Amino acid sequence: MPMILFRVIYTSLFLLFFQSFLFGQYQTAYPDIPRIDVHTHMAEDSIALSHYPDLRTQLEKETGIDLALWLNLGNGQTPIVNREKVQRISHGRIASAIADYSAHDGLDIAPTDLLAYKKQGYAGYKIWSGPWYRKLEKKEDGYPYIDHPIHEATFAEMEKIGLTGASVHIADPNGPFGKRTPWLADPIEYWKEIMAWVHVLDRHPDLKVVMAHGNWLMCQDAQIDFLRYLLATYPGLHIDLAATFQYYDLVNPDNLRAFMVEWADRILFATDIGGWQESHVTQERIQQYIRAFQILETAELVDGSFFNKKPIQGLGLPREVLEKIYYKNALKIYPELTRQWKSLGYKSANKD
């Protein structure tokens, strides 16, 4: 009898281990906190638009995570998507913004057209102004920095009509000495681009904006301190976390955690996820999201961030901080997301 009991226990433990190993499941401690991803690039990719709701269903079934809504920022090929088509294919799970990836050549969308887009239900205005050399062969061509006077009418109109800057992209990541990132290795050029954006904020103090990728000020501890300064100085400034997870090994995790707790009212969850090549929902797609949530929710050493496999120390953020980052801040700054949120059966900032 003892031997039979031993075999039963052994078999049960083996099956539990095998299932965990096979599916790599992470069970969230916060199944009652829904999440919004405010930075994605699905454009009008019908496969992606139809599969992300399927990913949501599978993610909730396997982990308890309720990934409720995405914000689609278009892409360089399709900056203004058909929002009705996006909503139809995604069953209301994907909202849309207008987008402009031509800042270095002069923005394509006229300031006088912005109000009409807002009234049509577009959530905000995405502007891409990364390093000028990613768009221009020569620096003197076009308008390499975001504070060029050619852009003033656009920001003035956004400020006037209350159109949110949706994950405005400035600069590219610049790591500490000895660990410079390939995206923007030159710290002098990096700070020129960052300070050009500060000039815009100085000229438009009432501008409401979400900065993509934490304004790329999360790759060094001193950058995080500068980000503290920006958030303290400009009350309309918010940041998203898109693509930042992969650089958390470059900073002190205690500093990063303290920053997120201190400025929880101004941080939004995001990933920078794009189109879809697969014909179905893959475990890798699911694991991408799981890793991001693990980094924020647990104090574990996580085997990879959203986009790569470098070990990242989890931050173990408090529940009230997670609620703000995951969905409350997005609903506060994007009225269109609130409308779509309620249409999905959620009540204001609380889940039914």
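**View 1. Val 209 is the bridge partner of Leu 237 in strand E8.** The structure shown is a predicted model. Strand E7 (residues 209-211) pairs with E8 in the parallel sense, and three bridges join the two strands. Between E7 and E8 the chain passes through helix H7 (residues 221-233), giving a right-handed β-α-β crossover.

**View 2. Strand E8 (residues 237-240) is covered on both faces.** Leu 237 and Ile 239 lie on one side of E8, and His 238 and Asp 240 lie on the other. These four side positions are all buried.

**View 3. Strand E8 also pairs with strand E9 (residues 267-268).** This pairing is parallel and comprises two bridges. Within it, Asp 240 has Leu 268 of E9 as its bridge partner. Helix H8 (residues 253-262), together with E8 and E9, forms a right-handed β-α-β unit.

**View 4. Three strands form an open sheet in the order E1-E2-E3.** The pairing in this sheet is parallel. Strands E1 (34-40) and E3 (94-96) stand at the edges and have a single partner strand each, so one side of each is left without a neighbour in the sheet. On average, neighbouring strands of the sheet are turned by 25° against each other, direction ignored. In general, the strands of a sheet pair through backbone hydrogen bonds.

**View 5. Strand E2 (residues 66-72) pairs with E3, and a helix lies across the sheet.** Three bridges link E2 and E3 in the parallel sense. Asn 72 stands opposite Ser 96 in E3. Helix H11 (residues 335-343) lies across E1, E2 and E3 and runs at about 140° to E2.

Note on methods:
Residues are numbered from 1 along each chain as its sequence is written. This is a predicted model: local features need pLDDT of at least 70, side-chain atom pairs count only at pLDDT 80 or more; totals for chains, interfaces and linings use all residues. Side-chain values use heavy atoms; hydrogens and water are left out. Buried means under 20% relative accessible area, exposed over 50%, partly exposed in between (1.4 Å probe, protein chains only). Two strands pair if DSSP finds at least two bridges between them. A crossover is right-handed if, with the strands pointing away from the viewer, the path from the first strand over the helix to the second runs clockwise. Axes are lines fitted to C-alpha atoms, for helices over the stretch in contact, and angles run from 0 to 180 degrees between N-to-C directions. Contact means heavy atoms within 4.5 Å.
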